[in-house]
Amino acid sequence: MAVLPNKVFSLLIKPAGSLCNLDCDYCFYLGNDDELGYDKQLATMPDEVLERLVDDYLGYRFPSSVFTWQGGEPTVAGLDFFRKVVDCQMRLGTGGQSVANALQTNGVLIDAQWAGFLRDYRFLVGISLDGPQEIHDHHRLDRGGKPTWSRVMDGIENLRSAGTEFNILCMITKLSQDRGREIYRWLVGQGFTHLQFIPCVEYDPETGETAPQNASPEGYGRFLCDMFDEWYHAGDIHRISVRTFDAIVGKLAGSHQLSLCNYGEKCDHYLVVEKDGGVYPCDFYVEQKWSLGNIMKRPLAEMFNSDRERSFAELKCTYPELCKPCPHLELCRGGCPKDRLTAGGGRYGKPTFLCEGLKKFFSHTQERMRGLAAEVAARDQPVHSQPARSTVAVSGAVSRNAPCPCGSGKKYKHCCMKG
């Protein structure tokens with residue numbers, strides 16, 4: 001009898017591993033192929049691995065089967081690879097099955113052909129853009145040390161011209177932490193309406209010291225507070241989706257839909273699949289000691305239900321003693337474990353590296369956040385339709401009356417179809 005998963009999960013897939021055409025100075029994944037000992041000849045996920053992966057995952061018949069393609073840089077796998085992806089999904093899925101694809105990219109290779117493909121198969125695209133040119137190009141250079149901002153903006157223009165849906169992923173660093181209002185207004189001024197902000201929190205693997213480009217805890221909190229004030233007072237709350245704000249409002253409104261994994265109770269919402277079929281519990285823990293197996297040898301459900309996956313999932317709710325009396329614990333949930341289990345403090349030691357910044361942000365916004373949550377709860381619908389973990393769009397048509405692929409629990413016509 002086939003093994004069934006104990007809950008719904010999505011996939012984060014690395015079709016080209018850590019291979020990337022950029023050399024961002026804050027990247028934690030660059031060179032990870034060497035650490036995993038991959039065959040140097042294995043540049044892209046082989047056809048047999050892709051076929052097995054799609055067949056196995058679609059076989060669980062989840063309300064929505066979500067494939068998020070990431071890297072490294074997934075577009076270096078080539079457009080033909082993604083043509084094979086949608087071919088597999090169409091051949092191996094069943095009639096009426098909801099299949100969603102997301103692509104997180106640096107945007108450099110997005111030409112008109114790519115943009116048309118992503119539009120035709122309804123990928124929703126995440127573009128990494130750190131803000132105005134001088135901020136973006138400070139950290140995000142190509143492999144030759146050349147700036148990338150203008151090429152990213154060209155890629156965005158290609159997406160817009162094709163009518164392809166996309167959002168913006170922006171890294172908060174030491175350089176940008178005091179420019180929250182400015183960066184937010186610049187992004188909105190470019191016409192971007194779906195925004196995600198991630199703090200740079202990296203460590204020197206040799207010393208455990210925090211990286212010099214990291215946002216400080218206080219700086220991170222200041223950035224979020226400044227940006228929230230601008231978003232709120234400008235009347236953007238129903239016009240601009242900021243994923244961090246959406247996640248908190250949704251949680252306060254009683255939503256059971258997880259919008260950001262670092263605010264979840266456990267780390268058990270997705271699996272990472274590497275280009276050789278290796279499976280891991282988290283993007284930040286693609287390392288041998290957390291390997292769950294390989295899709296060519298074990299079904300995804302068996303790995304998802306495994307004791308190792310369960311042990312990993314429960315790391316998050318093993319809170320440091322300092323966290324337990326905190327009034328914000330129900331929202332924060334201790335933050336991402338990577339920021340507790342490394343230089344951030346250790347499993348039973350200090351709270352997340354970002355603790356002071358998060359407390360500042362939660363305290364500064366709590367009354368207004370609760371007011372927004374009360375509005376959402378009163379009308380029983382999310383403020384925005386930005387999906388969890390990464391942007392999601394339908395591959396192929398979805399019936400108006402089918403469950404929305406974003407996982408909201410609403411019908412498609414009452415949720416993302418309206419967006």
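Predicted model: local features only at pLDDT ≥ 70, side-chain atom pairs only at ≥ 80, totals over all residues.
Which backbone oxygen does the side chain of Asn-214 reach? The side chain of Asn-214 comes to 2.9 Å from the backbone oxygen of Glu-202. Asn-214 itself belongs to the loop that runs between strand 6, residues 194-199, and helix 8, residues 217-233. With a relative accessible area of 6%, Asn-214 is buried, since the limit for calling a residue buried is under 20%. If we set aside the neighbours within four places in sequence, the residues in contact with Asn-214 are Thr-173, Lys-174, Cys-200, Val-201 and Glu-202.

Over the whole structure, a search finds 27 aromatic pairs. In one of them, the rings of Phe-197 and Phe-223 have centres 5.6 Å apart and planes at 55°, and because only angles over 60 degrees would count as edge-to-face and those under 30 as stacked, this pair is tilted. Phe-197 is in strand 6 and Phe-223 in helix 8, so that the pair links distant parts of the chain, 26 residues apart. Phe-197 and Phe-223 are both buried. A further tilted pair is made by Phe-361 and Phe-362, whose ring centres are 5.7 Å apart and whose planes are at 40°. Phe-361 is buried, with a relative accessible area of 0%, and Phe-362 is buried too, at 3%.

Next come the charged side chains. As a general point, side chains of opposite charge can pair when their charged atoms come close. How many salt bridges does the count come to in this model? The count is 28, and I will go through three of them with you.

In the salt bridge between Asp-268 and Lys-7, the closest N and O atoms are 3.3 Å apart. Asp-268 is found in the loop between helix 9 (243-252) and strand 8 (270-273), whereas Lys-7 is in the segment before strand 1 (10-13), so this pair ties together parts that are 261 residues apart in sequence. Asp-268 is buried, with a relative accessible area of 15%, while Lys-7, at 30%, counts as partly exposed.

The salt bridge between Asp-307 and Arg-310 has its closest N and O atoms 2.6 Å apart. Both of these residues lie in helix 11, residues 307-315, and they are three residues apart, which is about one turn of the helix. Asp-307 counts as exposed, at 57% relative accessibility, and Arg-310, at 38%, as partly exposed.

In the salt bridge between Asp-339 and Lys-338, the closest N and O atoms are 2.8 Å apart. Here both Asp-339 and Lys-338 are buried. There is also a network, joined by salt bridges that share partners, and its members are Arg-181, Arg-185, Asp-226, Asp-229, Glu-230, Asp-236, Arg-239 and Arg-368.

Two of the residues I have just named also sit over aromatic rings. Lys-338 lies over the face of Phe-284, at 5.0 Å from the ring centre, and the charged end of Arg-368 is placed over the ring of Tyr-232, 5.3 Å from its centre.

Now let us look at helix 2, which covers residues 47-58. This helix has twelve residues and reaches 16 Å from its first C-alpha to its last, close to the 16 Å expected at 1.5 Å a residue. Its buried residues are Val-49, Leu-50, Leu-53, Val-54, Asp-56, Tyr-57 and Leu-58. What covers these buried residues includes strand 1, strand 2 (65-69), helix 3 (79-92), strand 3 (99-105), strand 8 and helix 10 (300-304).

Is Ser-363 buried or partly exposed? At 41% relative accessibility, Ser-363 counts as partly exposed. The side chain of Ser-363 makes a polar contact with the side chain of His-328, at 3.3 Å. Along the chain Ser-363 and His-328 are 35 residues apart, and their C-alpha atoms are separated by 8.5 Å.

How values were computed:
Residues numbered from 1 in each chain as written. Heavy atoms only, no water. Helix = DSSP H or I, 4+ residues; strand = E, 2+ residues; numbered from the N terminus. Buried < 20%, exposed > 50% of the residue type's maximum accessible area, 1.4 Å probe, protein only. Polar contact = N/O pair within 3.5 Å; in protein donor to acceptor, adjacent residues only side chain to side chain. Contact = heavy atoms within 4.5 Å. Salt bridge = Lys/Arg side-chain N within 4 Å of Asp/Glu carboxyl O. Expected span 1.5 Å × (residues − 1). Phe/Tyr/Trp six-rings, centres within 6.5 Å; stacked < 30°, edge-to-face > 60°. Lys NZ or Arg CZ within 6 Å of the ring centre and 35° of its normal.
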